[in-house]
Amino acid sequence: MWNGVIAGPLAVAALLLMSAQKHPLASRSVAPRGAWMALFNGRDLEGWVPKFSGHPLGENVNDTFRVEQGRLIVSYDNYKRLDDLYGHLFYNKRQFSHYWIRVEYRFVGKQVPGAPGWGWRNNGVMLHAQPPETMALKQRYPVSFELRLMGGKWLHRSPPTGSLCLNGTTVAYRGKRLSHAVIDSNAPPYAGDQWVLVEAEVRGGKLVRYFVNGRQVLEYSDLRLEQPQPWSATMARTEGFIAIQAESAPTEFLRIEVLNLDRPRSESKL
């Protein structure tokens, strides 16, 4: 008779199987071990706040962001058309400066009608984002450095996952200062409904590296604002909020975790 107890090696095997099912790509992580903090608790949206273009902060339009079966879902079940409702979900408890972040995601279902072609299986993790309360009512995207999540072909090409999109920001890349740009990584787009593990090593405003399924795919440095902002004391972008997108593509997030690192004193003078 089953009594809920598994003895010996069977117990270890069962635990390993459960862990693999929950985080199927965990073994590919290149991030260091440490006191990782789960930004998404697997139960609800505690600690997160939505901001949609044309709507005030805190309004979760059409229940777009939700939690189902332990996953953070970007859903378009309640939409007839996109109607320019570009949204972001901010982790609003604190800003981060020096840290590692890892996100496990996949695209599912069909794109919402009325969405642009470039939005097909397109999502993102916004790093060093502006405070959510400072976004204008009709502002589409927060000032940030985007870690792009791509899952298919659009506009006759397959954009790679792990690329960088500059949103009101500028960086040094391969010896050049770039702004108003999308900088492609060397990773594939990972088409289909497969789970993908993306990670970023963020060293304040000095250096950022992106990793996809355990392989480095992009590196950039000297993070700065494109123009002065009333909510920032400096042009150097050394810290900010973390957010995920709702750009018309149904997406599932299995985990969103951060390993916070000590902040070097030399960085505080930037």
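Thirteen residues, written as 13 in the count used here, line the second largest pocket, with Glu68, Ile73, Ser75, Val108 and Glu252 nearest its centre. A pocket is an open set of points on a 1 Å grid over the protein atoms alone, where a 1.4 Å probe fits, with protein on both sides within 12 Å along at least five of seven lines; lining residues have an atom within 4 Å of a point. The volume of this second largest pocket is about 180 Å³, taken as the space filled by probe spheres set on the points. Its lining holds five nonpolar, three polar and five charged residues. Here Asp, Glu, Lys and Arg are charged; Ala, Val, Leu, Ile, Met, Phe, Trp, Tyr, Cys and Pro are nonpolar; the others, Gly among them, are polar. Strands β3 (65–68), β4 (71–74) and β17 (251–260) supply at least two lining residues each. The most come from β4, with three.

The model is predicted; local features need pLDDT of at least 70, side-chain atom pairs need 80 or more, and totals for chains, interfaces and linings use all residues. Numbering runs from 1 along each chain as its sequence is written, and side-chain values use heavy atoms, without hydrogens and water.

Of its 270 residues, 52% are buried, meaning under 20% relative accessible area with a 1.4 Å probe, protein chains only.

Mean pLDDT (the predictor's confidence in each residue, from 0 to 100) is 88. It stays under 50 over residues 1–7 and over residues 265–270.

How values were computed. Buried means under 20% relative accessible area, exposed over 50%, partly exposed in between (1.4 Å probe, protein chains only). Helices (H or I, at least four residues) and strands (E, at least two) are DSSP runs, numbered from the N terminus. Contact means heavy atoms within 4.5 Å.
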